[in-house]
Amino acid sequence: MARVAKREQDKKLLVLINNKSRQEKRSSLRNIIKSPEGRYTPEEKMQASFDLQSRKRNESKTRRVTRCRACGRNRSVLRDFNMCGHCVRKYVDLRYLPGMRKSSW
């Protein structure tokens with residue numbers, strides 16, 4: 001079971017990620033950095049790079065961690081169910097996931 005602090009930390013991170021103005025600013029800075037030669041001067045690109053580095057790390061969408069809905073575990077989360085393998089197995093055994101059954105070869 002995940003600690004409550006980790007779950008709360010993820011909630012705060014989601015607020016930063018879902019903030020539209022922050023994401024627009026990040027994307028504009030990244031577009032300046034990735035633009036072809038001649039459109040921006042090297043100094044402008046360098047300044048955009050420094051500005052992007054000075055922003056909060058947790059604004060980045062890649063910082064988000066998928067967690068199990070049931071227990072909060074962050075490893076082996078199955079996208080179809082948004083649950084970890086442990087909970088999927090447990091709920092299949094309890095017949096809470098219709099159409100699923102334990103495989104037998």
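Which residues are buried in helix α4 (residues 85-93)?

## Helix α4 and its cover

The model described here is predicted. In helix α4, which runs through residues 85-93, the buried residues are Cys87, Val88 and Val92. These residues lie on the same side of α4, because the arc they cover around the axis is only 135 degrees. The cover over the buried residues of α4 includes β1 (77-78) and β2 (83-84).

Just after α4 comes arginine 95, whose phi is positive, at about 65 degrees.

## The largest nonpolar core

The largest nonpolar core has eight residues in all: Cys68, Cys71, Met83, Cys84, Cys87, Val88, Val92 and Leu97. Two elements, β2 and α4, each give two or more residues to this core. The most comes from α4, which gives three residues.

When residues up to four places away in sequence are not counted, cysteine 84 touches Cys68, Cys71, Arg73, Arg75, Ser76 and Val77.

## The chain as a whole

The protein contains four helices and two strands. Along the sequence these elements follow the pattern α-α-α-β-β-α. For 105 residues the globule rule gives a radius of gyration of 13 Å, whereas the value for the protein is 21 Å, well over that figure; the protein is therefore more spread out than a compact globule. The C-alpha trace spans about 60 × 35 × 20 Å along its principal axes.

Of the 105 residues in the protein, 23% are buried. The accessible surface comes to about 8,800 Å², and carbon and sulfur atoms account for 50% of this surface. Among contacts between residues at least 6 apart in sequence, 36% join residues that are at least 24 apart.

How far apart are the end C-alpha atoms of helix α3 (residues 42-54)? They are 18 Å apart, and this agrees with the 18 Å that the 13 residues of the helix should span at 1.5 Å a residue. The buried residues of α3 are Lys45, Ala48 and Leu52. These three are on the same side of α3, because they cover an arc of only 60 degrees around the axis.

What covers the buried residues of α3 includes α2 (20-34). On the face of α3 turned away from the buried side are the exposed residues Glu43, Gln53 and Ser54.

Is aspartate 10 buried or exposed? Aspartate 10 has a relative accessible area of 18%, and since buried means under 20%, this residue counts as buried. Aspartate 10 has its place in helix α1, which comprises residues 4-18. Apart from its neighbours within four places in sequence, aspartate 10 is in contact with Val65 and Arg67.

## The loop between α3 and β1

Threonine 66 is found in the loop between α3 and β1. With a relative accessibility of 45%, threonine 66 counts as partly exposed. Its contacts, not counting residues up to four places away in sequence, are with Arg73, Asn74 and Val77. Threonine 66 and leucine 78 are twelve residues apart along the chain, and their C-alpha atoms are separated by 9.2 Å.

Serine 76 also lies in the loop between α3 and β1. This residue is partly exposed, at 42% relative accessibility.

## Positive phi values in the loops

Most residues other than glycine have a negative phi. Serine 76 is not a glycine, yet its phi is positive, at about 55 degrees.

Asparagine 82, in the loop between β1 and β2, likewise has a positive phi, near 55 degrees, in a residue other than glycine. The relative accessible area of asparagine 82 is 39%, and asparagine 82 is accordingly partly exposed.

Technical notes
Residues numbered from 1 in each chain as written. Predicted model: local features only at pLDDT ≥ 70, side-chain atom pairs only at ≥ 80, totals over all residues. Heavy atoms only, no water. Expected span 1.5 Å × (residues − 1). Buried < 20%, exposed > 50% of the residue type's maximum accessible area, 1.4 Å probe, protein only. Arc of directions from axis to C-beta. Contact = heavy atoms within 4.5 Å. Core = buried A, V, L, I, M, F, W, Y, C linked by side-chain atoms within 4.5 Å. Rg over C-alpha atoms; globule rule 2.2 N^0.38 Å. Areas by Shrake-Rupley, 256 points an atom, 1.4 Å probe, with all protein chains shown as cover.
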